[in-house]
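Visitor: I have just opened this structure and would like a friendly tour. Could you walk me through it?

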Amino acid sequence: MLACVLSSCAAPKKAIETPIDSPIPDLIQQTTAAPLKPFIPPQSLPRTSTIHEVAPLETLWRISKMYDVTQQEIMHANSLSDPNALKVGQKLVIPAAAPLKSFIPLYPNTRWKFIVVHHTASDIGNARLVNLWHKKRGWEGIGYHFIIDNGTVGKGDGQIEISPRWIKQMKGAHCKACDMNEVAIGVSLVGNFSKTLPSAPQMDSLVFLIRELMKYYHIPAQNVIGHRNVLGANTECPGTKFPWEKFKKQISY
Ligand SMILES: [Zn+2]
């Protein structure tokens, strides 16, 4: 499988991010989640009421953990009677929300040997929008396992969103080349990094997330690769300006 990886100085590929993937079979396996890992923002901010847009397969329990408020408080503030009746795109008032924390659920699974980093090749986006875009391609929703937002469309800059594909531990639909979908966790940052650089909060969250995944799944730094560095992937993804050298130093320790 290592032969699938090109060196980082490989010749640039043609532009255009074109994930090409076949339909995904149903749920591969249900596993028990390991303890959730909290991400503590670098600066402590005061609590404030905020609006949260429900992402695909997001539960009230997870939202309550993200903002450190109880499910009952959210239900009361939004006059909800059924905690299981959330709709994707629904806007919830979160009263006295703490600064957003990212919770990364980790599931025992021997499938994951690589991590492939992508960009969405779009200026804006979030998990809900990527879900719609990928469904239009005929896939089972978001092809990636994680999305790192850029502060557009109602999500925070650097916010980590967890795809239903990760929660269900389904194989990816993000890198068909070299059968990476079978073995690689797909992480995508919102943006087009052939045009601009990722934001500092996005890179901080990426390093945090990748380190958590590397540690839990025993994935070496050499197996953390850009989409463009997979042999046979005809793409610039995650963009010609992506700060790959600095990023690799940050995850190699
Ligand atoms: Zn890609």
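## A walk from the sheet to a helix

Guide: Gladly! Valine 117 stands opposite valine 187 in E8. Please keep in mind that this is a predicted model.

Visitor: How many helices and strands does the chain have?

Guide: The chain has 253 residues, and 36% of them count as buried. Its secondary structure comes to seven helices and nine strands.

Visitor: Is strand E5 enclosed or open to the outside?

Guide: Let's look at both sides of E5. Phe114, Val116 and His118 point one way, while Ile115, Val117 and His119 point the other way, and all are buried. In general, side chains of a regular strand alternate between the two faces of the sheet. Six of the six residues in E5 (residues 114-119) are buried, so the rest of the structure leaves this strand largely enclosed.

Visitor: Which residue of E9 stands opposite valine 117?

Guide: Begin with the strands that E5 pairs with. Six bridges join E5 to E8 (residues 184-189), and the two run parallel. With E9 (residues 224-226), E5 pairs in the parallel sense over three bridges. In E9, the residue opposite valine 117 is glycine 226.

Visitor: Which residue of E8 stands opposite isoleucine 147?

Guide: Here we turn to E6 (residues 146-150), which pairs with E8 in the parallel sense over three bridges. Opposite isoleucine 147, E8 places serine 188.

Visitor: What do the buried residues of helix H1 pack against?

Guide: In H1 (residues 60-67), the buried residues are Leu60, Ile63, Met66 and Tyr67. They cover an arc of only 120 degrees around the axis, which puts them on the same side of H1. Their packing partners are E2 (48-53), H2 (71-77), E3 (91-97) and E4 (103-106).

Visitor: Which residue follows H1, and what is its phi?

Guide: We have now reached the end of that helix. The residue after H1 is aspartate 68, with a positive phi near 55 degrees.

Methods:
Residues are numbered from 1 along each chain as its sequence is written. This is a predicted model: local features need pLDDT of at least 70, side-chain atom pairs count only at pLDDT 80 or more; totals for chains, interfaces and linings use all residues. A residue is buried if 20 or more other C-beta atoms lie within 10 Å of its own, exposed if 12 or fewer, and partly exposed in between; C-beta atoms are placed from the backbone. Helices (H or I, at least four residues) and strands (E, at least two) are DSSP runs, numbered from the N terminus. Two strands pair if DSSP finds at least two bridges between them. The arc is that of the directions from the helix axis to the C-beta atoms. Two residues are in contact if their C-beta atoms, placed from the backbone, lie within 7 Å.
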